[in-house]
Amino acid sequence: MHPLYPLIWLIKKTKALSAVSMRLVKITGKSKYAIHPKHLIVVEPLWYLADINKEDVVLDIGCNNGQHTLKTAVKCKKIIGLDYDRKQLIIARNSASDKNIKNVVFRQFNLEQKLKFKEQSFDKIICLDVLEHIVRRNQLLAEIRRLLKPQGLAFVAIPNINTSWKQLQKKVGLNYYADPDHKIEYTVEEIKKVLLKAGFKIISFKPVTYDSPWIGFIDLLGGLSLHLYAKIVLLKKAKADQNISESTGFRIIIKKSP
């Protein structure tokens, strides 16, 4: 066993505090629902919202509890959110009702299956932190390409495998993926190759946020103080902007190749 294994294992386990932060958000009255504190702060506009237009029909693949879906709904004509988790979809639907948002529909769907929409049905497609959970990733990318209109855009967020924190976990013999359910994570070169092979042109490729081993404690702070949490989030984003290789993942805008 690597001499640092026990210490790194212990630090890794503190990520479970992120789940506690979601409960704290509800207990402290910051939200009616147990959602991640990141959804309750605004340190910058959502990275894809500037490309959403009022006449757009949008698909949100893997919408979870619908927080991105609802923020997008304010800017588009109609949006459909797909997810397999019933509990998260209940939060999504209730949140839409609370905010009186009428142009959104949430549906339960297994994303390992082909999507049940006609070809070129959507102006924009959102696919955030989803591909890494899917076995049939090539099929899902093909479906995104099929469903996009000729000038449509897709917004993809994907995890980075090469951060220093992940490589340290790998070195000591730990599972170094950001989530145990992840089937794959990518280097910059790997995800670019995958998207190009799937028939897409990359329009924009940017970092997300700095990959810190202390994320559990940072999220826990968010459950207690959104003000302090927002300050730390800004610092992490600035650090990732300085070095994309240390980013938790990549935010990518793509369109269909000719």
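Which side chain meets that of Arg251 in a salt bridge? In this predicted model, where local features need pLDDT of at least 70, side-chain atom pairs count only at pLDDT 80 or more, and totals for chains, interfaces and linings use all residues, the partner is Glu44, with an N to O distance of 3.3 Å. Residues are numbered from 1 along each chain as its sequence is written, and side-chain values use heavy atoms, hydrogens and water being left out.

A salt bridge is taken here as a side-chain nitrogen of Lys or Arg within 4 Å of a carboxyl oxygen of Asp or Glu, and a search of the whole structure on this basis finds eight of them. Glu44 also forms a salt bridge with Lys237, for which the closest N and O atoms are 3.3 Å apart. This pair links distant parts of the chain, since Glu44 is placed in the loop between helix 2 (17-27) and strand 1 (57-61) whereas Lys237 belongs to helix 9 (residues 226-242), 193 residues apart; helices (H or I, at least four residues) and strands (E, at least two) are DSSP runs, numbered from the N terminus.

With regard to accessibility, buried denotes under 20% relative accessible area, exposed over 50%, and partly exposed the range in between (1.4 Å probe, protein chains only). Lys237 is buried, having a relative accessible area of 13%, and Arg251 is likewise buried at 16%, while Glu44 counts as partly exposed at 35% relative accessibility. Because Arg251 lies in strand 7 (residues 249-256) and Glu44 in the loop between helix 2 and strand 1, their pairing ties together parts that are 207 residues apart in sequence.

A further salt bridge is formed by the side chains of Glu185 and Lys166, with an N to O distance of 2.7 Å. Glu185 lies in the loop between helix 6 (164-172) and helix 7 (188-197) and Lys166 in helix 6, so this pair ties together parts that are 19 residues apart in sequence. Both Glu185 and Lys166 are buried.

Backbone geometry was also examined. Asn64, in the loop between strand 1 and helix 3 (67-73), has a phi near 55°, a positive value in a residue other than glycine, and Asn64 is partly exposed, with a relative accessible area of 36%. A phi near 55°, again positive in a residue other than glycine, is found for Asp129, which is located in the loop between strand 4 (122-128) and helix 5 (137-147); Asp129 is partly exposed, its relative accessible area being 42%.
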